[in-house]
Amino acid sequence: MKYGLLKFLYEDEVQQKVETLNLGDAIQVLAWKEVYRQAGIQEKDIVYIAEKDLASYDGEYVIFPVSAIGVGSSSILSRPFSPKIIPFFFSTNLASLRLEPAMIDYMRNFGPVGCRDEFAMQQLRQLQVPAYLSGCVTAVFPRPEGVREKNKTFLIDVPESLYPYIPPQLLENSEKITHLFPIDHSRPATDEDAERFFKEGCRLFERYKKEAGLIISSRMHGLMPGISMGIPV
């Protein structure tokens, strides 16, 4: 038995003319890696499966977490997965409800579905899919050990209209951050691009963990990791 994680295929986003990726997705993968670490699952037992391969996967049986995936912008829930994949619906998000009947039956069979938010839970229950409120998987990060600087305010995708309401003392040692990772459409995508995207998410997460005294953000994957690590948000 193996344990799965979603593999990012940068080139798919390029082909879809998407302008940016959300680095919160990389932080979410880090959260599942933390779940596996706490469960004693080693890296050699983790299988990375691309979205386009979920239906055709034919390797060793794998438990695959289906997390915060926006159905409106992703095809990951467009059809049932391979019989070799055992889905674990947790922290699942529905950006829209374009679920095909076959997928609704699939989620019923492998439920209950742990939903990231109340909206998703209510919508799935209306479709007779067993669902409960699990919250976001990025709440699993442990509190950092050792000495932290804890003196910086990170402003993660804060709308400009809110800045007049932020106390000036919080802005004295602050830094604006965006979780939007631009895609270069001027050249073909490579595996190195996907690796660069994931590494940038890891880099930001490490900075939050070591430096943040306060996080102000419009991004769930900026706020929830902060809460889990004991950082005021």
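Colleague: In this predicted model, how many residues of strand β8 (residues 152-156) are buried?

Modeller: Strand β8 is mostly covered. K152, F154 and I156 point one way from β8, while T153 and L155 point the other way, and all are buried. The number of buried residues in β8 is five of five.

Colleague: Which residue of β11 is the bridge partner of T153?

Modeller: Strand β8 and strand β11 (residues 212-217) run parallel and are joined by five bridges. In β11, T153 has as its bridge partner L214.

Colleague: And which residue of β9 is the bridge partner of T153?

Modeller: Strand β9 (residues 174-177) also runs parallel to β8, with four bridges joining them. The partner of T153 in β9 is S174.

Colleague: Where do the buried residues of helix α7 lie around the axis, on the same side or on opposite sides?

Modeller: In helix α7 (residues 220-228) the buried residues are H221, G222, P225, G226 and S228. They cover an arc of only 165 degrees around the axis, so they lie on the same side of α7.

Colleague: Which elements do the buried residues of α7 pack against?

Modeller: The residues in question are H221, G222, P225, G226 and S228. Their packing partners are α2, β8, α6 and β11.

Colleague: Is α2 roughly parallel or roughly perpendicular to α6?

Modeller: Helix α2 (residues 24-38) and helix α6 (residues 191-211) pack with their axes 8 Å apart, at an angle of about 75 degrees. Angles of 65 to 115 degrees count as roughly perpendicular. That angle therefore makes α2, relative to α6, roughly perpendicular.

Colleague: How many nonpolar residues are in the contact of α2 with α6?

Modeller: From α2 the contact takes D25, A26, I27, V29, L30 and K33, and from α6 it takes F197, F198, G201, C202, F205 and Y208. By class, one residue is polar, two are charged, and the number of nonpolar residues is nine.

Colleague: Which strands stand at the edges of the open sheet?

Modeller: Four strands form this sheet in the order β3-β1-β4-β5, with parallel pairing. Two of them each have a single partner strand, so one side of each is left without a neighbour in the sheet. The edge strands are β3 (46-50) and β5 (85-89).

Colleague: What angle does the direction of α2 make with that of β1?

Modeller: The twist of the sheet averages 35 degrees from one strand to the next. Helix α2 packs on the sheet, where it touches β1 (2-7), β3, β4 and β5. The direction of α2 makes with that of β1 an angle of about 170 degrees.

Definitions and conventions. Residues are numbered from 1 along each chain as its sequence is written. This is a predicted model: local features need pLDDT of at least 70, side-chain atom pairs count only at pLDDT 80 or more; totals for chains, interfaces and linings use all residues. Side-chain values use heavy atoms; hydrogens and water are left out. Axes are lines fitted to C-alpha atoms, for helices over the stretch in contact, and angles run from 0 to 180 degrees between N-to-C directions. Helices (H or I, at least four residues) and strands (E, at least two) are DSSP runs, numbered from the N terminus. Angles under 35 degrees count as roughly parallel, over 145 as roughly antiparallel, 65 to 115 as roughly perpendicular and the rest as oblique. Contact means heavy atoms within 4.5 Å. Ala, Val, Leu, Ile, Met, Phe, Trp, Tyr, Cys and Pro count as nonpolar, Asp, Glu, Lys and Arg as charged, and the others, Gly among them, as polar. Buried means under 20% relative accessible area, exposed over 50%, partly exposed in between (1.4 Å probe, protein chains only). Two strands pair if DSSP finds at least two bridges between them. The arc is that of the directions from the helix axis to the C-beta atoms.
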